Amino acid sequence: MKRAKVAVVGSSNVDMVVQLGRLPRPGETVAGGRFFEAGGGKGANQAIAAARLGAEVSFVGCVGDDDFGRRSIAGLNAEGIDTSACRIVHGQATGVALIYVGPDGENMIALAPGANEALTAQDIHEASELISTADVLVVQLEVPPAAVMASMEVARRSGVPTLLNPAPAPEKSAVHELLRLADFVNPNATEAQRITGIEVDGPESARAAGEKLLSMGARNAIITLGSQGAHVVSDSFTGPITAYELRAVDATGAGDAFTGGLAVDLAAGRELAESCKFACAAGALATTKAGAQPSMPRLYEVADLIARSEKE
């Protein structure tokens with residue numbers, strides 16, 4: 001059976017994580033935490049998620065000319081990901097995220113994008129063959145909008161479906177053109193609210209936000225709702241996708257696991273509702289381990305969780 005091909009254009013970071021007994025308030029120091037370092041960046045996370053879930057993956061992005069950058073590329077290569085279009089930017093630092101994680105898995109993140117900001121439309125042009133031969137293109141918003149737009153235009157000309165993960169939450173005016181090129185868009189509740197102006201606090205408001213996203217140009221909308229699962233709005237299916245209940249350790253990367261899972265299943269040609277179910281399982285499993293890239297699940301884990309849930 002032919003492996004699905006997923007192209008990811010996006011960011012690569014190093015995550016500096018501190019697990020705490022509780023998250024700090026502004027101006028407060030909370031001591032007694034546990035520190036660890038892990039690979040991160042939404043683009044790299046989603047690429048690794050897709051690779052672990054069985055896809056043939058290529059990654060287009062930028063890292064700095066430093067030890068972090070070299071380790072980031074080595075980590076992607078170790079997952080079997082094609083990094084031939086990942087450019088090393090001389091004189092720039094690799095992106096770094098500072099992450100606090102509370103006891104319930106919730107997190108706070110500060111990001112210094114570094115070399116991620118150096119990704120250009122020319123980089124996309126040079127990687128156009130990887131994009132045009134993929135089954136799905138995945139993009140996010142931790143790299144310059146011009147590069148995201150260029151990659152989606154290459155995909156649209158080539159007939160490659162596009163999956164836009166509009167994260168971090170963009171300003172409403174900045175995402176309109178991207179939505180018109182998005183076959184699928186999967187914001188979380190905060191991102192959906194930022195884009196549509198509709199407060200999302202459950203399935204009903206998620207549906208309203210999804211309908212607004214379609215009116216703004218997207219062809220299919222999937223609003224992720226954390227422990228409440230997801231809500232899909234499309235011509236083929238509209239309705240809720242039930243969450244998988246697992247004990248959360250760290251929510252960092254859960255959205256990226258969902259996006260990677262959604263991309264892989266869509267690239268394999270499955271129906272949107274089934275792909276969202278698969279993605280929900282991947283996202284739930286990612287909350288059960290600490291760190292972003294270390295928590296991206298394997299295909300057998302997702303398949304086992306879905307099978308167990310269907311027996312219950």
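The accessible surface of the protein chain is about 13400 Å², and carbon and sulfur atoms contribute 51% of that area. The model is a predicted one. Of its 312 residues, 54% are buried.

The secondary structure consists of 11 helices and 13 strands. The C-alpha trace spans about 45 × 45 × 40 Å along its principal axes. Among contacts with a separation of 6 or more, 68% join residues 24 or more positions apart.

Charge comes next. The protein chain carries 26 positive and 37 negative side chains, and the centres of these two sets are 2 Å apart. The structure holds 17 salt bridges.

Two of the pairs described here sit within helices. In helix 8 (residues 203-215), Arg207 and Glu211 are 4 residues apart, so about one helical turn separates them. Their side chains form a salt bridge with an N to O distance of 3.2 Å. Arg207 is partly exposed, with a relative accessible area of 40%, and Glu211 is also partly exposed, at 40%.

Helix 11 (residues 299-311) contains Arg308 and Asp304, again 4 residues apart and about one turn of the helix. The closest N and O atoms of their salt bridge are 2.9 Å apart. Arg308 has 40% relative accessibility and counts as partly exposed; Asp304, at 38%, counts as partly exposed too. Elsewhere, salt bridges with shared partners link Arg22, Arg25 and Glu28 into one network.

A further salt bridge joins the side chains of Asp65 and Arg70, at 3.5 Å from N to O. Asp65 is partly exposed, with a relative accessible area of 38%, and Arg70 is partly exposed, with 47%.

Which side chain of opposite charge is nearest to Asp15, and how far away is it? The nearest is Lys42, at 9.4 Å. Asp15 lies in strand 2 (residues 13-19). Leaving aside residues up to four places away in sequence, Asp15 touches Phe36, Glu37, Ala38, Gly39, Gly40 and Gly41, together with Ala97, Ile99 and Ala292.

Notes:
Residues are numbered from 1 along each chain as its sequence is written. This is a predicted model: local features need pLDDT of at least 70, side-chain atom pairs count only at pLDDT 80 or more; totals for chains, interfaces and linings use all residues. Side-chain values use heavy atoms; hydrogens and water are left out. Buried means under 20% relative accessible area, exposed over 50%, partly exposed in between (1.4 Å probe, protein chains only). Lys and Arg count as positive and Asp and Glu as negative; His and the chain ends are not counted. A salt bridge is a side-chain nitrogen of Lys or Arg within 4 Å of a carboxyl oxygen of Asp or Glu. Contact means heavy atoms within 4.5 Å. Accessible areas come from the Shrake-Rupley method with a 1.4 Å probe; for residues, only the protein chains shown count as cover. The place of a charge is taken as NZ of Lys, CZ of Arg, CG of Asp or CD of Glu.
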